[in-house]
Amino acid sequence: MDIKKRAFKRSLWVYHLSGGSCNNCDIEILDCLTPRFDIERFGMVLVGSPRHADVLLCTGIVNKKCVERMREVYDQTAKPCVVVAIGACACSGGIFREGYQMAGPLEKIMPVDVYIPGCPPKPEAMIAGIVKLLEKIK
Amino acid sequence: MKNKKRVIIPIGPYHPLLEEPEFFSLYCDGETVVDVEWEAGYNHRAIEKLSESKHWDQVTFLVERICGICSTSHPFAYCNAVEDILGITVPERAKYIRSIIGEMERIHSHLLWVGLAGHFLGYNTVFMWAWKYRETILDMFEMITGNRNHYAMFRIGGVRRDIEDGDIPSLRKVLGEMEGKLEMLTRAVLDDPVLAVRLKGVGVLTRRDIKDFGAVGPVARASGVDFDVRKDDPYAAYPLVKWKVITTGNGDVFDKAVVRLLETFESVSIIRQCLDAIEGKKGEIENQVREVPAGQGIGRHEAPRGECFHYVRSDGANSPVRHKIRAPSYVNIPTFKASCTGQTISDVAIILAGVDPCYCCTERVAVYDAGNKKKLYGFPELVEMSRKKTERIIKGEMK
Ligand code: SF4
């Protein structure tokens with residue numbers, strides 16, 4: 001566990017998983033990668049496969065159609081894996097809470113470590129959340 | 001049914017930038033695409049149903065959250081629809097403000113598209129630059145409306161906030177800078193020989209296709225169909241300012257890019273004229289609405305991706321009894337059947353991207369061999385192939 005932990009806190013690879021969002025949170029995540037915010041300076045890269053990921057950035061209410069897929073993705077990640085719920089939707093269901101398609105919020109599907117509320121949270125808020133996460137791991 | 005079951009992409013069935021979540025499967029014969037299939041529903045959030053349980057005013061916030069990129073288009077169309085029931089018009093100042101917000105959104109949305117199209121072609125620099133320029137527009141949004149996205153500017157009968165005179169100079173400054181950057185981007189796209197080889201004649205949609213599929217927005221305008229709700233069914237401040245509908249004739253991906261880039265200049269000019277009209281003046285920004293009578297109404301708005309349509313029915317109570325929404329991507333996406341068929345697999349990523357909502361959709365592409373329908377490629381491979389093709393062209397191996 002120790003060596004895992006040591007490697008873990010160096011450079012976090014993130015995988016972005018959207019389960020029924022309005023895609024604004026997702027765009028703000030991409031925004032974090034672009035020159036203005038540039039989270040790569042913290043060693044974070046967006047990867048294309050959950051198997052490479054240390055962090056899952058999840059957005060959206062988790063609707064009934066994608067709930068199985070999200071579970072699958074979570075199972076594929078190597079543990080330890082940190083799950084971050086981004087946006088009001090993932091944290092609580094937000095405005096879609098009473099909808100018939102709601103299968104979430106995210107915490108019903110997988111264990112969530114960090115909540116970043118907001119609709120959408122600003123990129124600064126996401127970075128702040130992840131930096132806090134890094135401290136927590138240490 | 002059994003084959004359908006295998007349409008599972010292990011990587012990223014979900015990805016940013018989609019209005020309606022889609023799942024595509026391409027059927028291929030060797031290198032050539034012979035058919036495309038589409039499945040939707042991964043992002044379904046029961047919005048139409050939820051809308052029936054919310055107060056008229058709350059629905060504006062709900063429809064805003066249909067899509068994060070055009071988060072003004074839906075409230076725009078919805079407010080038009082409810083105002084249609086009420087039979088009222090909004091004050092002049094509110095009209096201008098509405099148009100300003102709508103056009104700023106068009107600029108940021110088109111820039112976002114340019115960036116992602118570059119990304120799919122292997123031009124990551126374009127991605128980074130375009131998104132960097134886009135940030136300044138988002139800053140302006142934050143200044144005017146208080147939020148980077150989901151501005152909550154619209155309300156039935158007007159707008160929620162005024163644009164202060166103090167904000168206008170910095171808006172103008174940003175627009176001025178933006179024009180230079182857009183020019184640079186446009187020239188870069190138009191003059192680039194590699195892009196010309198890569199995009200011209202690819203994914204062609206003829207006028208006939210556009211009519212058959214009922215495609216709207218830049219997709220239709222790139223094929224020479226000059227359909228634009230802002231002109232054809234004027235609303236807000238669009239009839240009060242001077243601008244023109246951009247059309248081109250070839251219908252390929254290159255033309256779609258050109259239409260989008262040129263449209264941003266029109267948007268800049270519309271915003272300028274609107275700012276001229278409201279600067280230094282005072283005025284009402286909303287008509288008070290007490291209740292919505294029974295009746296039905298429709299509202300349309302030319303969103304960055306095409307016509308956005310809302311139908312609302314009221315029985316005189318507190319919330320709509322029926323709310324029907326048709327977003328532009330819904331009619332644009334099926335055009336893939338025409339534009340992808342007969343193309344090579346390496347072009348599919350950019351053709352799908354050419355329709356705009358659909359970088360996201362491409363994320364769900366799976367390639368099938370027409371014979372045994374086994375999955376061959378997922379989206380990452382497609383993007384990889386697309387990039388390699390660009391590289392080969394740069395190296396001069398292909399013409
Ligand atoms: S939290 Fe808000 S911005 Fe994020 S996905 Fe949900 S509705 Fe969209």
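Select R98(B) and E83(B): they form a salt bridge, with the closest N and O atoms 2.8 Å apart. A salt bridge here is a side-chain nitrogen of Lys or Arg within 4 Å of a carboxyl oxygen of Asp or Glu. R98(B) sits in helix 5 (residues 92-121) of chain B and E83(B) in helix 4 (residues 73-86), 15 residues apart. Helices (H or I, at least four residues) and strands (E, at least two) are DSSP runs, numbered from the N terminus. R98(B) is buried at 2% relative accessibility, and E83(B) is buried at 7%. Buried means under 20% relative accessible area, exposed over 50%, and partly exposed in between (1.4 Å probe, protein chains only).

This is a predicted model: local features need pLDDT of at least 70, side-chain atom pairs count only at pLDDT 80 or more, and totals for chains, interfaces and linings use all residues. Residues are numbered from 1 along each chain as its sequence is written, chains are lettered from A and ligands numbered from 1 in the order in which they are written, and side-chain values use heavy atoms, with hydrogens and water left out.

Next, pick R172(B) and E279(B). Their salt bridge spans 2.7 Å, N to O. R172(B) lies in helix 7 (residues 168-191) of chain B and E279(B) in the loop between helix 12 (253-278) and strand 5 (295-303), so the pair ties together parts 107 residues apart in sequence. R172(B) is partly exposed at 24%, as is E279(B) at 33%.

Move to R221(B) and D228(B). This salt bridge has its closest N and O atoms 3.5 Å apart. R221(B) is buried at 0%; D228(B) is buried at 0% too.

Now select E28(A), D31(A), R36(A), R134(B), E135(B), D139(B) and R148(B): salt bridges that share partners join them into one network. Over all chains, the salt bridge count is 32.

Go to the ligand. It lies between chains A and B. The shell has 13 residues, the closest being C22(A), C25(A), A88(A), C89(A) and C119(A). A residue is near if one of its heavy atoms lies within 4 Å. Helix 4 of chain A gives the most, with 3 residues.

Then select the C119(A) to P120(A) peptide bond. This bond is cis, with omega near -10°. Most peptide bonds are trans. P120(A) is in the loop between strand 5 (114-116) and helix 5 (123-137) of chain A.

Finish at D38(A), which has a positive phi of about 50° although it is not a glycine. D38(A) is partly exposed at 29%.
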